[in-house]
Protein chains: 2
Amino acid sequence: MLTGNAGDALTPVLNRIDENLADSLMRVFELVRIPSISTDPAYAGKCREAAEWLVAELEDIGFQASVRDTPGHPMVVAHHDGPSANAPHVLFYGHYDVQPVDPIELWETDPFEPSVKDAPDGSKIITGRGTADDKGQLMTFVEACRAFKEVNGELPCRITILFEGEEESGSPSLIPFLQANAEELKADFALICDTAMWDSETPAISTSLRGLVGEEITVQAASRDLHSGFYGGAAANPIHILAKILADLHDDNGAVTVPHFYDGVEETPADILRQWEGLGRTADSFLKDIGLSIPSGEKDRSVLELTWARPTAEVNGITGGYTGDGFKTVIPARASAKVSFRLVGKQDPEAIRANFRDFVKARIPADCSVTFEEHGGSPGIQLPFDSPVLQKTRTALSDEWPNPALMIGMGGSIPVAGDFQSLLGMDSVLVGFGLADDRLHSPNEKYALKSFHKGQRSWARILAALAAR
Amino acid sequence: MLTGNAGDALTPVLNRIDENLADSLMRVFELVRIPSISTDPAYAGKCREAAEWLVAELEDIGFQASVRDTPGHPMVVAHHDGPSANAPHVLFYGHYDVQPVDPIELWETDPFEPSVKDAPDGSKIITGRGTADDKGQLMTFVEACRAFKEVNGELPCRITILFEGEEESGSPSLIPFLQANAEELKADFALICDTAMWDSETPAISTSLRGLVGEEITVQAASRDLHSGFYGGAAANPIHILAKILADLHDDNGAVTVPHFYDGVEETPADILRQWEGLGRTADSFLKDIGLSIPSGEKDRSVLELTWARPTAEVNGITGGYTGDGFKTVIPARASAKVSFRLVGKQDPEAIRANFRDFVKARIPADCSVTFEEHGGSPGIQLPFDSPVLQKTRTALSDEWPNPALMIGMGGSIPVAGDFQSLLGMDSVLVGFGLADDRLHSPNEKYALKSFHKGQRSWARILAALAAR
């Protein structure tokens, strides 16, 4: 039983986490071995297998857990009572799906055969697709629950868990599922574990996130592929049309040119910008380890402002014509690109989607055509800085790590935080233990063993702090 | 034996061609069944198989034929004496390699299982990759030789045959092979069969061809693929850089912007332009059957001028980032494009390659890099209109087909014609029986059965006419 002094009761739980580390590693390895790639329909069965594995794991800890079908990959929903009826009720969110692994030839280890390896700096890392995004992260919370249960026979809060299987593919089923199960899923607030630390000694709570609009555009010119000798100079080339559209997306100052794109974007207050400057993340320090040195976005803004507080347009993929070995003098019939926008402030995802489509259509010659495919849309979010939950979480994290926890912005998009706000009326506290060099979405993804271990301890501290109201 | 009156002696040969048609179809089917795709290293063995098949075929007719190794796919070289030591000596050129077949799902028949089918207009067509480009075409000449040999026991001219296996992949071995075997290959003039008729009733001799420069460019930004949430707005996106380069290739009037690109390009004389106008090929008639209506190239020029007499820049392929199903919010490390230039007049291929590389390099940010891969280069060519060989060929073709033969320009590039001129000092007469709707380089390539049959008869007439000097 937790006493009034959470600190005293917490020590055995933290000790149990330490004792369980080897076993908890075996458990996360099992989960990483399941190649639950949600964007590729060929792996649908593996996504379900990961969901079923999690249900079994949660049932083992004492949750009432189930795989819940959706039109896409299933959700996992689990419930556990707290110590009393008036204990805080938290909804924990993570996702069990992972990114594709291409280009597979660049992986130094099998992406789905995890291992613990020594990093060049001497630290231990867990290798494999999904170790950081998000299987290793969500397991830090599950393992914290396991330790509480083993030590105390109960959990310090009432806990609902939601694990999604479509986070890496635009979360098509999330909103309908939240709408259909709002009563069941609603809690006092949400905890989301899909973010990063400031650095390996400094935990962070993300208080703002960028939203995302994904669009796939396909430009169609001739009704079939053409020989560039016979038709070259007379027939429209859809790659040229597409290149012009994509080149037009940014002006010479790096600003996005889609009309009304910056509607709802506010300038970051000067005092916040000064605080960010104090963090010491310069263009050089941020870009050096990826082999770059020049910020590519809007001019005269720091890399922190560019990635935390400014919206972007990025082409995430492009294909058209002959892309195999050698050369083929073809004018292709079509070319396509995947384009995403990161949103901040009050930018409206659907207005941006519509304005982008108009922007594209205005650049399609009269005898050509364009089709669009929607890949998700969510607004950016900004959490209130004065929330007691945020303050308790900050203190708990600061107790675990060498440095005090920072409240930071977050360049990535976690649409679920916005959806929890709009559909369930809940704020979300975003805490994660990823590091900048975890190679999310890239070959050789990894998760620090220290993140995995101290992440578990952090959640134990946070849950205890939240319970002590 | 051919008598002084070629017409009388020719009739049995033409009759024999008619009688052999079914057998000649079976022979070309055998050749089309060999998937000799030269751009894909996986098919190297098939290229050699096609060369060996041709050697056996030519030996069967009485040629001294051999497969000749090169650093790439082999050449086929064959020789046959003429009726006398002072008979004309012709070099016949064709290529046995074919284009890739992607996208394979758009083929209505197996590309490598040829068949004779009814076209919508009631005509018969031979389906399959390479039927028109160039296996069906080169076999028209071989079958004409076979008929002469069967009827007369000899050929009317001294004939050397050169079949290349790398025409569709930039002919990397051609120039060294011509240089190394110049004495063996030199003839009075060359006959090249890799071009098209004006229409299905009107044969054509191509007296000008565009040259070709092929370049593959790969833009490298970050040292690895990046998460667009974490780095988006700060890290360079190579697709953006590439799109900007490709968009910059043409100005608003459709002209190519690479510096000095138009050096060596002369305006077509007004009387020639008027003749071309008389051919009735309008933008509407030329573009309608490929689903387009607006000429895409330089403004205020006819489609014939654009495709016969103007140089172009075309992007033939582009790839970067995630191109699979679904969506992946990645900023890729690199992106690449295959770009080709069609050349006319005295444009210098290597100067254009160098200027294009400078044009690209000038658009690469200081912290990114670019690499280039060369895919062939050849100047355009222009044949003398007053050559007796050209006139004899024109008369022979006009005798076979309903309409008189036209002398036309040719938008495609047949580098070998330029190489024969520069390395062997020979003019080339370009005669082919392809049609505009043969779907060269596209799914569902076909060759008209009439082209295959009357093409054989045309070569019989041409050889007889050339022999009668």
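**Exercise 1. The two copies**

Task: State what rotation and what shift superpose chain A on chain B in this predicted model, and name the relation.

Solution. Step 1: chain A is brought onto chain B by a rotation of 180° with 0.1 Å of shift along its axis, and the RMSD is 0.1 Å. Step 2: this is the relation of a two-fold axis. Step 3: the same surface serves both copies, since 100% of the contact residues of chain A recur in chain B. As background, a rotation about an axis and a shift along it relate two copies of a chain.

**Exercise 2. The interface**

Task: Find how many residues of each chain are in contact, and which elements of chain A supply them.

Solution. Step 1: count the residues on each side; 81 residues of chain A are in contact with 81 residues of chain B. Step 2: list the elements. Those of chain A that each supply at least two residues to the side touching chain B include the helices α7 (228-231), α8 (238-248), α10 (283-287) and α11 (303-308). Among them are also the strands β10 (226-227), β11 (312-321), β12 (330-331) and β13 (334-343). Step 3: find the largest share of this side of chain A; nine residues come from β11(A). Step 4: sort the residues of this side by type, which gives 32 nonpolar, 36 polar and 13 charged.

**Exercise 3. A strand pair across the interface**

Task: Describe how β11(A) is joined to strand β11 (residues 312-321) of chain B.

Solution. Step 1: the two strands run antiparallel and are joined by five bridges. Step 2: look for individual partners. Thr319(A) has Thr319(B) in β11(B) as its bridge partner. Gly317(A) stands opposite Gly321(B) of β11(B). Step 3: check the surroundings of β11(B). Ten of its ten residues are buried, so β11(B) is largely enclosed by the rest of the structure.

**Exercise 4. Strand β13 of chain B**

Task: Which strands of chain B pair with β13(B), in what sense, and over how many bridges?

Solution. Step 1: begin with strand β9 (residues 211-220) of chain B, which pairs with β13(B) in the antiparallel sense over ten bridges. In this pair, Ala335(B) of β13(B) is the bridge partner of Val219(B). Step 2: turn to β11(B), which is joined to β13(B) by eight bridges, again with the strands antiparallel. Here Ala313(B) has Phe341(B) as its bridge partner, and Thr312(B) stands opposite Arg342(B).

Step 1: sort the residues of β13(B) by direction. In a regular strand, side chains alternate between the two faces of the sheet. Arg334(B), Ser336(B), Lys338(B), Ser340(B) and Arg342(B) point one way from β13(B). Ala335(B), Ala337(B), Val339(B), Phe341(B) and Leu343(B) point the other way. Step 4: decide on burial. Ten of the ten residues of strand β13 (residues 334-343) of chain B are buried, so this strand is largely enclosed by the rest of the structure.

**Exercise 5. Chain A as a whole**

Task: Describe the fold of chain A by its elements, its dimensions and its contacts.

Solution. Step 1: chain A has 15 helices and 18 strands. Step 2: its radius of gyration is 23 Å, close to the 23 Å that the globule rule gives for 469 residues, so chain A is as compact as a globular protein of that length. Step 3: the C-alpha trace of chain A spans about 80 × 50 × 50 Å along its principal axes. Step 4: of the 469 residues in chain A, 57% are buried. Step 5: among the contacts in chain A with a separation of 6 or more, 78% are between residues 24 or more positions apart.

**Exercise 6. One glycine**

Task: Is Gly130(A) buried or exposed?

Solution. Step 1: locate Gly130(A) in the loop between β5 (124-127) and α4 (135-152) of chain A. Step 2: apply the cut-off, by which a residue is buried if 20 or more other C-beta atoms lie within 10 Å of its own. Gly130(A) has 32 other C-beta atoms within 10 Å, so Gly130(A) is buried. Step 3: leaving aside neighbours within four places in sequence, Gly130(A) is in contact with Val32(A), Val98(A) and Lys135(A).

Terms used
Residues numbered from 1 in each chain as written. Chains lettered and ligands numbered in written order. Predicted model: local features only at pLDDT ≥ 70, side-chain atom pairs only at ≥ 80, totals over all residues. Least-squares fit on C-alpha atoms with pLDDT ≥ 70 in both. Contact = placed C-beta atoms within 7 Å. Helix = DSSP H or I, 4+ residues; strand = E, 2+ residues; numbered from the N terminus. Nonpolar A, V, L, I, M, F, W, Y, C, P; charged D, E, K, R; others polar. Pairing = 2+ DSSP bridges. Rg over C-alpha atoms; globule rule 2.2 N^0.38 Å. Buried ≥ 20, exposed ≤ 12 C-beta atoms within 10 Å, placed from the backbone.
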